[in-house]
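Subject: Handover of a structure, with notes

Hello,

Here is the structure I promised to pass on. Please open it first, then read my notes below.

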Amino acid sequence: MADTIFSQMLSRYPIATKDDLTNATHEVMQQITLAGLYRGGFFDQAAFYGGTCLRIFHGLQRFSEDMDFSLLQADENFTLENYFEQIITEFKAVGKDVEISRKAKSAQTNIESAFLKENTEIYDLKFTTEKRIKIKIEVDTQPPLDFATEYKLLLLPFSFMTRCYSLPDLYAGKMHAFLFRNWKTRVKGRDWYDFEFYVRNNIALNFNHLQKRVEQINNLTEKDFTLDIFKQMLKERIEKTNIEAVKNDVRPFLKNPQEMDIWSTAYFLQLADMIRFEK
C-alpha cells in the first residue's frame, strides 16, 4: 500500500525521458515533505514561497528543484531539525527512506547573492538509496514582513493544507530574485519563466513587500528603490542579459520548450511595461 501511494503520485506525470522521471520524482518528494511539515505543525509559524510553491499550487508549467520557506515572524532560535522526524516518518509511510542534513554555507554566500541571506537555514533531503535525487530546503528565519498568506489544498499523500504566500507576495519575491540574484556564469532562466507567468496571468505585484525585501537584504531604502527605479533596474537587467543563456537554463524543466520561441530582449521589455501593481 505504501509504495502504491508513491507510485500513484508518480503516475500523474507523463514520463518519457530520464529528465521527466527526475523532475516528477523531485515533485513527489516535495509534496511528501510538505505533508510531513504539515503533520508537525510547521505551517503554524511558517509559509511556503518561491517557484516550487508556484508550480505545485498555481499551475506553473515548469518543474522546480528547491523548496523555500519563510517564518511568519523573526525567530533566531528556530531550527528545522524539530521537524525532521515528521518528514522522515511521512516518507516511511510511502515506503521511502530519506536523509536530511544541514548544509554548510560557503563563506561567500552573503556576497554571492545579496539575495540568499546569512540567516537562512539550508538543508538537503535525499533518498537513502538514490542520493543523486535530492531537494534543497531553505528557511528564512529573519523574514522581511508585509506579506499575506493563504492556505492551499493538496490531496496526496493525504488531504492537507499548506500555508503559502499570496500571489502578489510570491510575485514580489520573484522580482527580487530577478533583479538581485547574482548569476555569475549561469543565468537563472527559471526566474524569467516565472516573470512571464505572472504577467500573463495578470497577477498584481505587491511592490510594498518587494521594497521590504530590498531594504532588509540589499540595504536600499524606499527612497533608493522607488517604483521608477525598479522599472529602470528591471529594463537594464533585461537589456544586459543573454536571452539564449536564459533559455538554456530553463529548458530541462519544461515539457514544451517551444513556448520560449518568442523570447527575446524586446519581448521581455514589453512584459516589463505590462506589470500590474497591487493598489
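Which residues in α6 meet which residues in α7? From α6 they are Leu167, Leu170, Tyr171, Lys174, Met175, Ala177 and Phe178. From α7 they are Asp191, Trp192, Asp194, Phe195, Tyr198 and Val199. Contact here means heavy atoms within 4.5 Å.

A word on the ground rules. This is a predicted model, in which local features need pLDDT of at least 70 and side-chain atom pairs count only at pLDDT 80 or more, while totals for chains, interfaces and linings use all residues. Residues are numbered from 1 along each chain as its sequence is written, and side-chain values use heavy atoms, with hydrogens and water left out. Helices (H or I, at least four residues) and strands (E, at least two) are DSSP runs, numbered from the N terminus.

**Helix α6 and its partners**

Back to α6 and α7. They pack at an angle of about 145°, with their axes 10 Å apart. Axes are lines fitted to C-alpha atoms, for helices over the stretch in contact, and angles run from 0 to 180 degrees between N-to-C directions. The crossing of α6 and α7 is left-handed. That word applies if the near helix is turned anticlockwise from the far one by less than a right angle; clockwise makes it right-handed. The contact of α6 with α7 has ten nonpolar residues, no polar ones and three charged. Ala, Val, Leu, Ile, Met, Phe, Trp, Tyr, Cys and Pro count as nonpolar, Asp, Glu, Lys and Arg as charged, and the others, Gly among them, as polar.

Next, α6 (residues 167–180) and α8 (residues 207–218). Their axes come within 8 Å and cross at roughly 45°. That makes α6 oblique to α8. (Under 35 degrees is roughly parallel, over 145 roughly antiparallel, 65 to 115 roughly perpendicular, and the rest oblique.) The crossing of α6 and α8 is right-handed. On the α6 side, Asp169, Ala172, Gly173, Met175, His176 and Phe180 make the contact. On the α8 side, His209, Leu210, Arg213, Val214, Ile217 and Asn218 do. By class, the contact of α6 with α8 has six nonpolar, four polar and two charged residues.

Buried means under 20% relative accessible area, exposed over 50%, and partly exposed in between (1.4 Å probe, protein chains only). In α11 (residues 265–273), Tyr267, Phe268, Leu271 and Ala272 are buried. Seen down the axis of α11, they fall within an arc of 145°, so they line one face of the helix. The arc is that of the directions from the helix axis to the C-beta atoms. Exposed Gln270 and Asp273 sit on the face of α11 turned away from its buried side. The buried residues of α11 pack against α7 (189–200), α9 (227–239) and α10 (243–250).

In α10, the buried residues are Ile243, Val246, Lys247, Asp249 and Val250. Their arc, seen down the axis of α10, is within 160°, so they too line one face of the helix. They pack against α7 and α11.

Gly59 follows α3 and has a positive phi, near 75°.

Phe48 is in strand β1 (residues 46–49). Phe48 is buried, at 0% relative accessibility. Its C-alpha lies 4.5 Å from that of Cys164, 116 residues apart along the chain. Setting aside neighbours within four places in sequence, the contacts of Phe48 include Cys53, Ile56, Phe57 and Cys164.

**Backbone points to check**

Most residues other than glycine have a negative phi, and most peptide bonds are trans. Here are the exceptions I noted. A cis peptide bond joins Leu156 and Pro157, with omega about 10°. Pro157 is in the loop between β6 (149–154) and β7 (160–165). Asn202 is not a glycine, yet has a positive phi of about 55°. Asn202 is in the loop between α7 and β8 (204–205) and is partly exposed, at 46% relative accessibility. Asn219 also has a positive phi, near 60°. Asn219 is in the loop between α8 and α9 and is exposed, with a relative accessible area of 65%.

Best wishes
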